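Please keep the structure open beside them as you read.

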Amino acid sequence: MEVVPTPIEGLIELRGKKFHDNRGWFTEAFSLKQFQEKGLSLPAFVQDNISYSHRGVVRGLHLQLSPFAQAKLVSVVKGKVVDVAVDVRPESATFGKWHSVILSEEKNNALFVPEGFAHGFATLEDSYFFYKCSTFYQPSAEGGVRWNDADLAIDWQIDHPIVSPKDETLPSFRELKGKLLTSHHA
């Protein structure tokens, strides 16, 4: 496993190795031992999820608010996505900054998204998206940011996105920022 730092502290791209032979290939999708050998600490993961999305879908930007904040380890089993994480940690030097990574079956990579990030992805191909979560989904702690927020100006790399009605009504980053800063100073 190769560890690729990003410009945002705690957000890490991971690139796995594939072992090919005449039958196909093999890869370790997750190995706690490899993380520990690289000096990375991870939360305990309690839930694995898989979603399938047609080409052109945008999901997100989603998050779970404290005390139910989630860290995620996200990857693509089949297909290709633009994966986006937005730092919403009020105390962070990169608060409000976002970073994107192309995740694909071909690249065999993953992104570790720590607690305190809004997360989403856009499918460049029909895709199976796999992710591990550090806490269980809690409906009362659900939050997010509108995918097309003007202040964030995320490049989703698709022209006519398919977005759920729920995701279309998420708050702007400014609205979320006000809520986060108020609760952070309370």
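**Notes on the model**

1. Tyr52 counts as partly exposed because its relative accessibility is 33%. On this scale, buried means under 20% relative accessible area, exposed means over 50%, and partly exposed is in between (1.4 Å probe, protein chains only). Tyr52 sits in strand 5, which covers residues 47-53. Helices (H or I, at least four residues) and strands (E, at least two) are DSSP runs, numbered from the N terminus.

2. A word on the source: this is a predicted model, where local features need pLDDT of at least 70 and side-chain atom pairs count only at pLDDT 80 or more, while totals for chains, interfaces and linings use all residues. Residues are numbered from 1 along each chain as its sequence is written, and side-chain values use heavy atoms, with hydrogens and water left out.

3. Now please look at strand 10 (residues 109-113). This strand is largely enclosed by the rest of the structure, because five of its five residues are buried. Asn109, Leu111 and Val113 cover one side, with Ala110 and Phe112 on the other.

4. Strand 10 has antiparallel partners. Strand 2 (residues 12-15) is joined to strand 10 by four bridges, and Leu14 has Ala110 as its bridge partner. Strand 7 (residues 72-78) also pairs with strand 10 in the antiparallel sense, over four bridges, and here Val74 stands opposite Leu111. Two strands pair if DSSP finds at least two bridges between them.

5. Is Lys132 buried or exposed? Lys132 is buried, because its relative accessible area is 12%. Lys132 belongs to strand 12 (residues 127-133). Its side chain makes a polar contact of 3.1 Å with that of Asp48; a polar contact is a pair of N or O atoms within 3.5 Å, where within protein one must be able to donate a hydrogen and the other to accept it, and residues adjacent in sequence count only if both atoms are side-chain atoms. Beyond four places in sequence, the residues in contact with Lys132 (heavy atoms within 4.5 Å) include Phe30, Phe45 and Ala71.

6. Side chains of opposite charge can pair when their charged atoms come close. The structure holds seven salt bridges, each a side-chain nitrogen of Lys or Arg within 4 Å of a carboxyl oxygen of Asp or Glu. One of them joins Arg89 and Asp87, with the closest N and O atoms 2.9 Å apart. Arg89 and Asp87 are both buried.

7. Glu142 and Lys166 form another salt bridge, the closest N and O atoms being 2.8 Å apart. The pair links distant parts of the chain, 24 residues apart: Glu142 in strand 13 (residues 142-144) and Lys166 in helix 2 (residues 165-168). Glu142 is partly exposed at 35%, and Lys166 is partly exposed at 48%.

8. Finally, Arg174 forms a salt bridge with Asp151, where the closest N and O atoms are 2.5 Å apart. Arg174 lies in helix 3 (residues 173-185) and Asp151 in the loop between strand 13 and helix 2, so the pair ties together parts that are 23 residues apart in sequence. Arg174 is exposed, at 60% relative accessibility, whereas Asp151 is partly exposed, at 42%.
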